[in-house]
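I opened the model and kept notes as I went. The entries follow in the order I looked things up.

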Amino acid sequence: MSRHVPYEYAARHQSSSRAAYPAFLSLPETLWLQTKCFLRGLFDACRWDLVVWTAASDPEIRANVLKSLLLNSLSLASIYTFDLLLQPLVHDHPNWLRRNVGWFYQVLWLIPVVSVSFYLNSSWCTLIAKHTFVLQHGNRAVQPQPVTYNGMLTMLATSAYRAVMVITSVIVSFGLGAIPRIGPFMGFAFMCWSDAYYCFEFVWIARGLSLASRVRHLEERWVYYFAFGFPSAAICTWGSGLANAALFALLFPAYIIMAMTARPVPQDPYNPLHTSDSNDSVRYPSPLIPIRLPIFAIVIWLNDIIVRILSVTGSVGQKQRRHSNSSEKAEEGAGIELNGMATSPGARQAHYKNARRPVERTRVHSRVSSIDKRKHD
């Protein structure tokens with residue numbers, strides 16, 4: 001009997017090692033799953049029937065959608081009036097006044113109208129998102145917190161950080177577009193992900209996700225969100241820069257409503273075939289296709305630099321504060337945010353560092369299973 005013990009131990013050890021090795025889907029299976037995610041994103045981004053039904057179901061949503069539609073239509077009409085009528089007529093005109101009438105039109109009319117339109121559209125979209133969330137989830141929606149001085153400061157800091165993130169996203173998009181040959185495709189792809197992020201941002205904040213969690217959620221489902229942002233990005237790439245921004249503002253309320261009712265897939269990017277009623281083993285996607293793409297890495301890096309500069313500038317004559325403290329304050333959620341995680345750069349690095357890799361997760365899973373098996377025996 002003792003002669004067979006080493007062989008039994010070797011077989012048992014080999015079996016446990018084989019169970020600890022992660023199982024992967026094949027490349028065709030992974031490509032098919034990503035194709036279904038892409039088609040699901042396109043489908044969710046074309047649910048105009050839900051937009052009509054939601055606007056007809058709630059008078060507050062309907063009123064804000066109509067106000068946004070009218071004001072952004074005025075902005076678009078003003079922009080195209082300058083681009084199509086005034087600009088060709090006064091271009092290179094010998095008369096100084098006629099040659100500069102376009103400049104006066106932009107300063108005295110176009111820029112104020114577009115600025116007011118963007119500001120009011122932002123507030124209306126926030127109301128649309130809140131009412132749509134209540135309409136979808138009922139009493140589970142978070143009640144607004146009482147207005148305090150610290151709350152107002154936090155809300156202003158968050159709004160400023162979001163504005164900085166919008167500006168850095170536009171800068172990164174133009175920078176990618178300047179790359180020869182592949183630049184326009186990279187800039188368009190980044191614009192698709194940026195559009196999807198800002199459409200879903202209201203949903204994520206309402207569910208209490210911090211900035212790091214929101215970015216991670218998008219980057220791990222990059223195929224779905226690329227498809228969701230594809231229609232709006234394709235529509236808003238045919239005109240001038242200001243016209244494209246006004247056109248996106250015109251479509252923004254509708255895509256917020258679509259994002260409220262969307263269900264991004266896969267639910268678990270590391271185990272895409274897993275369902276809630278199954279106890280199958282973990283099967284990771286093919287290693288040839290990345291699970292997560294660092295789409296907003298440059299944007300977050302630029303944001304942290306700007307926050308650091310503003311923090312140092314604002315603390316002249318005082319003791320210099322830590323950079324992580326300023327970033328954490330700047331990245332706190334506003335309005336209806338719940339209990340998010342710490343979102344400073346140091347916290348994000350620690351969060352990513354402590355996250356288990358697929359092999360580690362499989363080893364822990366197999367270790368727990370073997371312990372349970374020994375207890376059962």
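Buried means under 20% relative accessible area, exposed over 50%, and partly exposed in between (1.4 Å probe, protein chains only).

Helices (H or I, at least four residues) and strands (E, at least two) are DSSP runs, numbered from the N terminus.

Leaving aside neighbours within four places in sequence, Phe-252 is in contact (heavy atoms within 4.5 Å) with Asn-121, Cys-125, Tyr-198, Cys-199 and Phe-202.

**Conventions**

I noted that residues are numbered from 1 along each chain as its sequence is written, and that side-chain values use heavy atoms, with hydrogens and water left out. The model is predicted, and local features need pLDDT of at least 70, side-chain atom pairs count only at pLDDT 80 or more, and totals for chains, interfaces and linings use all residues.

**Whole protein**

I counted 15 helices and two strands. Buried residues make up 38% of the 377 residues. Of the contacts with a separation of 6 or more, 77% are between residues 24 or more positions apart.

**H8 against H10**

At what angle do H8 and H10 pack? The angle is about 100° between helix H8 (residues 183-206) and helix H10 (residues 222-235), with the axes 7 Å apart. The two are therefore roughly perpendicular. That class covers 65 to 115 degrees; under 35 is roughly parallel, over 145 roughly antiparallel, and the rest oblique. Axes are lines fitted to C-alpha atoms, for helices over the stretch in contact, and angles run from 0 to 180 degrees between N-to-C directions.

I listed the residues making this contact, including Phe-188, Cys-192, Asp-195 and Trp-204 of H8 and Trp-222, Tyr-225, Gly-229 and Ala-233 of H10. They divide into 17 nonpolar, two polar and one charged. Here Ala, Val, Leu, Ile, Met, Phe, Trp, Tyr, Cys and Pro count as nonpolar, Asp, Glu, Lys and Arg as charged, and the others, Gly among them, as polar.

I stopped at Asp-195, in helix H8. Asp-195 is buried, with a relative accessible area of 7%. Not counting residues up to four places away in sequence, Asp-195 touches Gly-229, Ser-232, Ala-233 and Phe-248. Asp-195 and Tyr-225 are 30 residues apart in sequence and 8.9 Å apart in space, C-alpha to C-alpha.

Eight of the nine residues of H9 are buried, so H9 is largely enclosed by the rest of the structure. Arg-214, Arg-216 and Glu-219 are among the buried ones.

Ser-117 sits in helix H6. Ser-117 counts as buried, at 1% relative accessibility.

**Backbone checks**

The peptide bond from Val-265 to Pro-266 is cis, with omega near 0°. Pro-266 lies in the loop between H11 and strand S2 (283-284). Arg-181, in the loop between H7 and H8, has a positive phi near 70°. Arg-181 counts as exposed, at 80% relative accessibility.
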